[in-house]
Amino acid sequence: MPSRKYCFSPASLDSVIKFWNVTTGAISRRLATNQAYLKKIDVTLDQKLLFSGDSSSNNACLKIWDLASGSLIKTFIIPYLATWAILPGGRLAYATTISNYISIVDYNSYAIVKTLNIGNNTSIFDISVLV
């Protein structure tokens, strides 16, 4: 499992998340995501799950991976995915789109549990979590 001595390379046109060992500078692992425009990754605080997302089109996806094994757990299709954030404690992830709504994702049950309408003609480009 990656620890604080690793860093990741999320933004990529080759659809591969690369794990670098910060001490040696060597790539220690690669995770092929098959996502057209890999835009962002995020890891839960317990370092068990990795989220990767693209924003390529109306069928953009947010994928959840088991970080230790590299296995894909779940894929959410989210139209025009822009960004997301994970709440501390790893209970919920917020996925945002540029289509005037925010989807609240319970990734323990792997279901989108709520959608918030932000309003007409509103584009969402980033989201932050306040604790």
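Which residue takes a positive phi in the hairpin of β6 and β7? In this predicted model, the residue is G70, with a phi near 80°. Five residues lie between the two strands of that hairpin. Strands β6 and β7 run antiparallel and are joined by five bridges. Within this pairing, L62 has F76 of β7 as its bridge partner.

The antiparallel strands β5 and β6 are joined by five bridges, and S52 stands opposite K63 in β6. In a regular strand, side chains alternate between the two faces of the sheet.

The largest nonpolar core consists of 12 residues, namely L49, F51, A60, L62, I64, F76, I78, L81, W84, I86, V105 and Y107. Two or more residues of this core come from each of β5 (49-54), β6 (61-66) and β8 (81-86). The most is given by β8, which supplies three residues. Eight residues form a second, separate core, among them F19, L31, I41 and L67. The bridge partners L62 and F76 are both members of the largest core.

Aromatic residues were also examined for contacts with one another and with charged groups. The count of aromatic pairs is zero, with ring centres required to lie within 6.5 Å of each other. Charged side chains do lie over ring faces in two places. R29 is placed over the face of F19, at 4.9 Å from the ring centre, and F19 is one of the residues of the second core. K40 lies over the face of W84, at 5.0 Å from the ring centre; W84 is part of the largest core.

The loop between β4 and β5 contains T44. This residue has a relative accessibility of 3% and therefore counts as buried, the limit being under 20%. The side chain of T44 is joined to that of D46 by a polar contact of 2.6 Å.

Note on methods:
Residues numbered from 1 in each chain as written. Predicted model: local features only at pLDDT ≥ 70, side-chain atom pairs only at ≥ 80, totals over all residues. Heavy atoms only, no water. Phe/Tyr/Trp six-rings, centres within 6.5 Å; stacked < 30°, edge-to-face > 60°. Lys NZ or Arg CZ within 6 Å of the ring centre and 35° of its normal. Core = buried A, V, L, I, M, F, W, Y, C linked by side-chain atoms within 4.5 Å. Buried < 20%, exposed > 50% of the residue type's maximum accessible area, 1.4 Å probe, protein only. Helix = DSSP H or I, 4+ residues; strand = E, 2+ residues; numbered from the N terminus. Pairing = 2+ DSSP bridges. Polar contact = N/O pair within 3.5 Å; in protein donor to acceptor, adjacent residues only side chain to side chain.
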